[in-house]
Amino acid sequence: MSSADSTEAPIYAGLVEEQGDVLAEVRRVAEEVLRDADRAIDFGAVGSSAAYR
């Protein structure tokens, strides 16, 4: 639910006002974790290492 939908859900709008937009924050953190994990698990360079030739 976006902030544009909050006019249709006054309870949600009130919670966002009190607690902040928790769903948006969770989405942001999840995307950051996925980016970090993608960098940490990048095995693309393993095959080109001289140690494995």
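## Surface and burial

The protein exposes about 4700 Å² of accessible surface, and carbon and sulfur atoms account for 59% of that area. Areas here follow the Shrake-Rupley method with a 1.4 Å probe; for residues, only the protein chains shown count as cover. Of the 53 residues in the protein, 6% are buried. Buried stands for under 20% relative accessible area, exposed for over 50%, and partly exposed for anything in between (1.4 Å probe, protein chains only).

This is a predicted model, in which local features need pLDDT of at least 70 and side-chain atom pairs count only at pLDDT 80 or more, while totals for chains, interfaces and linings use all residues. Residues are numbered from 1 along each chain as its sequence is written, and side-chain values use heavy atoms, with hydrogens and water left out.

## Helices

The protein has 2 helices and 0 strands. Both terms refer to DSSP runs, numbered from the N terminus: helices are H or I runs of at least four residues, strands are E runs of at least two.

Helix α1 spans residues 10-19. It is hardly covered: 1 of its 10 residues is buried. Just after α1 comes G20, with a positive phi of about 90°. Helix α2 covers residues 22-40.

A salt bridge here is a side-chain nitrogen of Lys or Arg within 4 Å of a carboxyl oxygen of Asp or Glu.

E25, R28 and E32 form a linked network of salt bridges. E25 meets R28 at 2.7 Å, N to O. These two residues sit 3 apart in α2, about one turn of the helix. E32 meets R28 at 3.1 Å, N to O. Here the spacing in α2 is 4 residues, again about one turn. An α-helix has 3.6 residues a turn, so residues three or four places apart point the same way.

How accessible are the partners? E25 is partly exposed, at 41% relative accessibility. R28 is partly exposed too, at 40%. E32 also counts as partly exposed, at 34%.

## The D36–R39 pair

D36 and R39 meet in a salt bridge at 2.5 Å, N to O. The two residues are 3 apart in helix α2, so about one helical turn separates them.

R39 is exposed, with 57%.
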